[in-house]
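Subject: Structure handover

Hello,

Here is the structure you will be looking at. Please open it first, then read my notes below.

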Amino acid sequence: MTKTDNQMSALLGSRICHDLISPLGAISNGVELLQMSGLGDSPELALITESVENANARIRLFRLAFGAASPGQDIGRGELLEILRPIGAARKLAIDWDPPARIPRDTARLVFLLLLCCETVLPYGGNVTVELSGERLHLVIEAARLRHEPELWKQVTEGDLALPQASEIHFPLARQAAADIGTQLDVTLGETRIELSA
């Protein structure tokens, strides 16, 4: 794909996420009105509330990971933590990351694409440690049961490969995101531990 193709894809991702936020907001407002009417304790409403919160969190994650960013755009620690919190809870991931006050959005995009990769290889949950110091990024993935698919990680480190399934598109996108900020990713695979460095 050319740089223009990548930009068009990112703009498409931004547009889809933008259009989905509005109906989710309307559902959330509707739930709030029902709660005010005295129906707030029903298990049905609790399920809807939880589902809307999870959907909103995923949309925000997808917007950051797959959407377009303006040149020089930063993202603050508070917003990063708001997106991180539900990811870990919903996917049984213990994410250990203490982000700085602000980081470039394209760096945040790379981190969140790699977190999506972590989700894919941790179907039963696990621990992810993120270290970001200046331009150096290091992730450690640990779990008793990992999904071992070296071919997937080749999508992160090598170009000109056949595209994976749609559910795994974040792997080659992570490689592209690293290239966009002038770096490349190294992957070290172990039985219960994977290390990613950029």
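Start with Phe62. At 27% relative accessibility, Phe62 counts as partly exposed. That label covers values between two cut-offs: buried is under 20% relative accessible area and exposed is over 50%, with a 1.4 Å probe and protein chains only.

A word on the source. This is a predicted model, where local features need pLDDT of at least 70, side-chain atom pairs count only at pLDDT 80 or more, and totals for chains, interfaces and linings use all residues. Residues are numbered from 1 along each chain as its sequence is written, and side-chain values use heavy atoms, leaving out hydrogens and water.

**Aromatic pairs**

The structure holds 3 aromatic pairs. Rings of Phe, Tyr and Trp (its six-membered ring) pair if their centres lie within 6.5 Å; planes under 30 degrees apart are stacked, over 60 edge-to-face, the rest tilted. Phe62 and Phe66 have ring centres 5.6 Å apart and planes at 40 degrees, so this pair is tilted. Both sit in helix H2, and because they are 4 residues apart, about one helical turn separates them. Helices (H or I, at least four residues) and strands (E, at least two) are DSSP runs, numbered from the N terminus.

Another pair is Trp153 with Phe171. Their centres are 5.1 Å apart and their planes are at 75 degrees, so the pair is edge-to-face. It links distant parts of the chain: Trp153 is in helix H5 (residues 150–157) and Phe171 in helix H6 (residues 170–180), 18 residues apart. Trp153 is buried at 3% relative accessibility. Phe171 is buried too, at 0%.

**Back to H2**

Helix H2 (residues 43–66) also holds Arg58. Is Arg58 buried or exposed? Its relative accessibility is 17%, so Arg58 counts as buried. Its side chain makes a polar contact with the side chain of Glu119, at 2.8 Å. Such a contact is a pair of N or O atoms within 3.5 Å; within protein, one must be able to donate a hydrogen and the other to accept it, and residues adjacent in sequence count only if both atoms are side-chain atoms.

**Strands**

Strand E4 (residues 126–133) pairs with strand E2 (residues 93–96) in the parallel sense, over 4 bridges. Pairing requires at least two DSSP bridges between two strands. Ile95 has Val128 in E4 as its bridge partner. E4 also pairs with strand E5 (residues 136–142), in the antiparallel sense over 7 bridges. There, Glu131 stands opposite His138 in E5. E4 and E5 form a hairpin with 2 residues between them, and Gly134 in the turn has a positive phi of about 65 degrees.

Best wishes
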